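Thanks for coming, everyone. I have one chain to walk through today. Please have a look at the model first.

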Amino acid sequence: MTGDGRIDFEIIEGLFFAYRDFISDPDAILEKSGFGRAHHRVVHFVNREPGMTVADLLDTLKITKQSLARVLKELIDSGYIQQVAGPEDRRQRKLYPTKAGRELALALAEPQSRRIARAFEEMNANDRRAVIRFLTGMQNAKTE
């Protein structure tokens with residue numbers, strides 16, 4: 001809503017089109033392997049936090065174990081993710097990207113990073129902080 005209570009269609013549509021274009025490059029890369037956006041999210045977060053547990057990943061993605069199972073199995077079977085039993089609790093499963101997984105994560109992130117850099121070309125550090133505040137404000141509040 002805008003300050004006067006109207007729906008802010010300009011921002012809604014800006015977010016829609018920005019998201020569409022932001023994911024278009026990774027989608028094209030993933031399609032070649034028969035993967036989709038769920039695979040992208042898993043590879044991204046496991047690469048960003050190697051050793052995260054399956055429970056951590058479920059919490060990060062806010063999905064069910066059932067939803068994750070197929071995607072994770074495909075990534076493990078394809079050699080992008082490695083699953084290791086936890087050192088203290090063998091039932092705990094820690095996830096690590098393989099070399100191929102790291103390469104895929106970077107290949108997916110590079111065009112997105114270029115797109116972000118291009119958007120920030122005409123902006124200053126204060127603008128960047130405002131964008132980060134905006135994006136953070138758009139996220140659901142974390143409940144711990």
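**Thr 53 and its surroundings**

Let me start with contacts. Leaving aside residues up to four places away in sequence, Thr 53 touches Gln 92, Arg 93, Lys 94 and Leu 95. Thr 53 itself sits in strand β1, which covers residues 52–53. Buried or exposed, then, for Thr 53? Its relative accessibility is 8%, so Thr 53 counts as buried. The side chain of Thr 53 reaches the backbone nitrogen of Asp 56 at 2.9 Å.

One caution before I go on. This is a predicted model.

**The chain as a whole**

Now the overview. The secondary structure comes to 6 helices and 3 strands. What order do the elements run in, from the N terminus on? They go α-α-β-α-α-β-β-α-α. Along the principal axes, the C-alpha atoms fill a box of roughly 55 × 35 × 30 Å. The chain has 144 residues, and buried ones make up 23% of them. Take the contacts between residues at least 6 apart in sequence. Of those, 52% join residues at least 24 apart.

The entry is unreviewed, and it lists residues 8–140 as "domain: HTH marR-type". Over residues 8–140 the chain is 69% helix and 9% strand. The end C-alpha atoms of that stretch are 19 Å apart.

**Ile 81 in strand β2**

Next stop, strand β2, where Ile 81 lies. Ile 81 counts as buried, because its relative accessibility is 3%. Which residues does Ile 81 touch, not counting those up to four places away in sequence? The list is Val 43, Val 46, Leu 72, Leu 75, Ile 76, Leu 95, Tyr 96, Pro 97 and Thr 98. Leu 95 was also on the contact list of Thr 53. Ile 81 and Leu 106 are 25 residues apart along the chain, and their C-alpha atoms are separated by 14 Å.

**Aromatic rings**

On to the rings. How many aromatic pairs does a search of the whole structure find? It finds 2. Take Phe 16 and Phe 17. Their ring centres are 5.2 Å apart and their planes meet at 75°, so this pair is edge-to-face. Phe 16 counts as exposed, because its relative accessibility is 54%. Phe 17 is at 38%, so Phe 17 counts as partly exposed.

Then there is Phe 35 with Tyr 80. The centres of these rings lie 5.6 Å apart and the planes are at 75°, so this pair is edge-to-face. This pair links distant parts of the chain, 45 residues apart. Phe 35 is in the loop between α1 (9–31) and α2 (37–48). Tyr 80 is in the loop between α4 (65–77) and β2 (81–85). What about burial? Phe 35 has a relative accessible area of 11%, so Phe 35 is buried. Tyr 80 is buried as well, with 17%.

One more ring to show. Arg 128 lies over the face of Phe 120, at 5.7 Å from the ring centre.

**Helix α6**

Last, helix α6, residues 125–138. Why expect a span of 20 Å for helix α6? Because it has 14 residues, at 1.5 Å a residue. Its end C-alpha atoms are 20 Å apart, which agrees. The N-terminal end of α6 is capped by Asn 124. A side-chain oxygen of Asn 124 lies 2.9 Å from the backbone nitrogen of Asn 126.

That is my tour.

How values were computed. Residues are numbered from 1 along each chain as its sequence is written. This is a predicted model: local features need pLDDT of at least 70, side-chain atom pairs count only at pLDDT 80 or more; totals for chains, interfaces and linings use all residues. Side-chain values use heavy atoms; hydrogens and water are left out. Helices (H or I, at least four residues) and strands (E, at least two) are DSSP runs, numbered from the N terminus. The expected span of a helix is 1.5 Å times one less than its number of residues. A polar contact is a pair of N or O atoms within 3.5 Å; within protein, one must be able to donate a hydrogen and the other to accept it, and residues adjacent in sequence count only if both atoms are side-chain atoms. UniProt positions are given in the numbering used here, feature names are shortened, and annotations may be inferred rather than shown by experiment. Rings of Phe, Tyr and Trp (its six-membered ring) pair if their centres lie within 6.5 Å; planes under 30 degrees apart count as stacked, over 60 as edge-to-face and the rest as tilted. Buried means under 20% relative accessible area, exposed over 50%, partly exposed in between (1.4 Å probe, protein chains only). A charge sits over a ring if NZ of Lys or CZ of Arg is within 6 Å of the ring centre and within 35 degrees of the ring normal. Contact means heavy atoms within 4.5 Å.
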